[in-house]
Amino acid sequence: MRLERYLLFVACLLSASYKGVAQKAGGDTVLKGSVIEVIQSYKPQVRQAPKPEWMPQIPPPDTFHRVFNYVVPQQSLFYTYHSDPLKPLALGKDTMPAPFQNYVKAGVGNISTLFLDAGVGSLKGEDYETYLHVHHLSQKGSIRFQQSSLTGLEAEGLLIKENSIWHGSVDGSRNQYYYYGYDHELYNYQNADSLKQTYTSVQVSADYKRKKAEESKLDYHPAISASVYNSSVHATETGFSLSIPSTYEIDSVFQGELMISEQFTGMKADSPSVVNNLFQVTPGISMLKGDLSGRAYLGLAAGMGGSFLVLPELVGVYKMPDTKYKVSGGWVASVIQNTYRELTTDNPFIFQNYRMLQTRQDELFAAVDGDFASLQLSGKLSWCNFKSLPVFMDTVGDRKAFNVVYDTVSAICVQIG
C-alpha cells in the first residue's frame, strides 16, 4: 500500500515538472511518451436479488377419460353343493292327535236336542282336494210351538294346476222356525202350519288364484257367486256378486291395491220386487316397514236409490319392540246392504214385507292385542255411528212377528278378550 502511494506521489511530481517546463519553453503542450499506471483497489459488491413469492393454484380438472384394456384369462367354474346337517324335528314324543279326515259326531240334549255333525276329507289326489260337511241341530222348548231346526250341507273343492288354483263351493241350508212369541192366553193357534217359517238357501261360488311368480309384481284373485234365498211365506231373494281384488308390489315397503266389487240383489214378496245393488271401487295403498304397518283406502260406492258414498279406511299398526303386543287405530267406513238373508239371520221372526235401506257404518277405534304368558289378550275402544241402522219393533195384534225400523245410532263400544 505504501509503495502504491509513493508511485502515485512521484507521478504527480513528474507531471508538475513537465508542465512547468512546457510553460517555460514557449507553450508546447505535447507530452513526452510515458506510461502512467493508476492502481486502485476494487471490492465488488453483488446486489441481493428479491425473494420470489409463490402463489399456489389448483390445477384444472382432468376431463380426459382414459381407457384401460384388461385381458381376463378364461376361467373354469366348479360347483359344489353341501347338504345341511340333519336336525331332529322333535325331542320328545308328539302327543298331539292328528285330525280326522273323516268323522261323525252325534249327540242329544235336555231340550229335545238332536245334534249331528259329519265331515269327509279323504277324497283328494295330487292335483285336487275335496271336502264335504253335513250338520243338523233341532231343539224344542217347553212353550208351545217353541221349536227350531237347522240343517246344512257344504261342499268345496280345489283344482291345483301348475300356475293356478281353482276353487269352487256349494252351500245349501234349511232353517225352520215357529212364531211362538204371541200371548198364549189371548190367542190359541191350533194349526202349526200357520206359524211355521222355513228358510232355504242355495249358493254356488267359484274363485281363481294365481300362484305368485317371483318375477311378477301384479297379483289378482277374482271371485264370483250366485245364490237363491227363499222363505215359505212366498218371499224370494236372488243374488249375484263379482269381486276382483288386485295388488301391485311397488317396492319392498309399499304395495298398491285395487278392489272392484258388484253385488246384485233382488227381493220379491207379496209387494213389487225391490232391487238392492251395490257397486264399489276401492283404490288404496298398504305399507310394511319393520314394526310399522298400515293401509289407506278410499272407497267410492254407488248404492240403491242412486246414492253415492265415500268410504275411507285409514288404519295404522305398530308392534312394540321386543314384545308381542301391537297397538292399532284408525277410521273404517263400510256399507251394509241389509238383504233379506242378512236380516232374517239376525232375527228370523220378521215380516217379509219391509222397507229396504242400506246402512252406512263409521268406526273410529284404538286397539291393543298380544300374548301374555300362555294367554292371548285384546282390547278395543271405538266410537261407532250407524246411519239407517235396522232395528226390530214388535207389531200390533198378536205380536208374534217384528217390523223393521231404521234409525241413526251412535254408540261407544268396549271390547275385551
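Guide: Happy to; we can go through ring pairs, salt bridges, a pocket and some backbone details. Please keep in mind that this is a predicted model.

Visitor: Rings to begin with. How many aromatic pairs are there?
Guide: The count comes to 13 aromatic pairs. One of them is Phe145 with Tyr178, a stacked pair with 6.4 Å centre to centre and 20° between the planes.

Visitor: Which parts of the chain does the pair of Phe145 and Tyr178 tie together?
Guide: Phe145 sits in the loop between strand S3 (128–140) and strand S4 (147–160), while Tyr178 belongs to strand S5 (residues 164–178), so the pair ties together parts that are 33 residues apart in sequence.

Visitor: And is Phe145 buried or exposed?
Guide: Phe145 is buried, at a relative accessible area of 10%.

Visitor: Nice. What about Tyr199 and Tyr229, how are those rings arranged?
Guide: Tyr199 and Tyr229 are stacked, with 5.8 Å from centre to centre and an angle of 10° between the planes. Tyr199 comes from strand S6 (residues 196–210) and Tyr229 from strand S8 (residues 223–231), so here the pair joins parts 30 residues apart in sequence. Tyr199 has a relative accessible area of 2% and is buried; Tyr229 is buried as well, at 8%.

Visitor: Which residues do ring pairs link into a cluster?
Guide: Tyr177, Tyr179, Tyr180 and Phe349 are linked into a cluster by ring pairs.

Visitor: Switching to charges: how many salt bridges does the structure hold?
Guide: There are 6 salt bridges.

Visitor: Where do the side chains of Glu313 and Arg295 sit in the chain, and what's their N to O distance?
Guide: The salt bridge between Glu313 and Arg295 has an N to O distance of 2.8 Å. The two residues are in distant parts of the chain, with Glu313 in strand S14 (residues 308–319) and Arg295 in strand S13 (residues 292–302), 18 residues apart. Glu313 is buried, with a relative accessible area of 18%, whereas Arg295 is partly exposed at 33%.

Visitor: What does Lys196 form a salt bridge with?
Guide: Lys196 bridges to Asp193, and their closest N and O atoms are 3.7 Å apart. Lys196 is partly exposed at 28% relative accessibility, and Asp193 is exposed at 54%.

Visitor: Okay, pockets. How much space lies in the second largest pocket?
Guide: About 360 Å³. The second largest pocket has 28 lining residues, and those nearest its centre are Met259, Ser261, Gln263, Gln280 and Thr282.

Visitor: Which strands supply at least two residues each of that lining?
Guide: They are S8, strand S9 (235–249), strand S10 (254–268), strand S12 (278–289), S14 and strand S15 (325–336).

Visitor: I might want to set up a probe calculation there. How do the lining residues divide by type?
Guide: The lining of the second largest pocket divides into 13 nonpolar, 11 polar and 4 charged residues.

Visitor: Last topic, the backbone. What is the phi of Ser112?
Guide: Ser112 has a positive phi of about 50°, although it is not a glycine. In general, most residues other than glycine have a negative phi. Ser112 is in the loop between strand S1 (102–109) and strand S2 (113–120), and this serine is partly exposed, with a relative accessible area of 48%.

Visitor: And what about Ser388, which strand does that one lie in?
Guide: Ser388 lies in strand S17 (residues 375–394). Its phi is positive, at about 65°, and Ser388 is not a glycine either.

Note on methods: Residues are numbered from 1 along each chain as its sequence is written. This is a predicted model: local features need pLDDT of at least 70, side-chain atom pairs count only at pLDDT 80 or more; totals for chains, interfaces and linings use all residues. Side-chain values use heavy atoms; hydrogens and water are left out. Rings of Phe, Tyr and Trp (its six-membered ring) pair if their centres lie within 6.5 Å; planes under 30 degrees apart count as stacked, over 60 as edge-to-face and the rest as tilted. Helices (H or I, at least four residues) and strands (E, at least two) are DSSP runs, numbered from the N terminus. Buried means under 20% relative accessible area, exposed over 50%, partly exposed in between (1.4 Å probe, protein chains only). A salt bridge is a side-chain nitrogen of Lys or Arg within 4 Å of a carboxyl oxygen of Asp or Glu. On a 1 Å grid over the protein atoms alone, a cavity is a set of points where a 1.4 Å probe fits but cannot get out, and a pocket is an open set with protein on both sides within 12 Å along at least five of seven lines; lining residues have an atom within 4 Å of a point. Grid points are joined across faces, edges and corners, and a volume is the space filled by probe spheres set on the points. Ala, Val, Leu, Ile, Met, Phe, Trp, Tyr, Cys and Pro count as nonpolar, Asp, Glu, Lys and Arg as charged, and the others, Gly among them, as polar.
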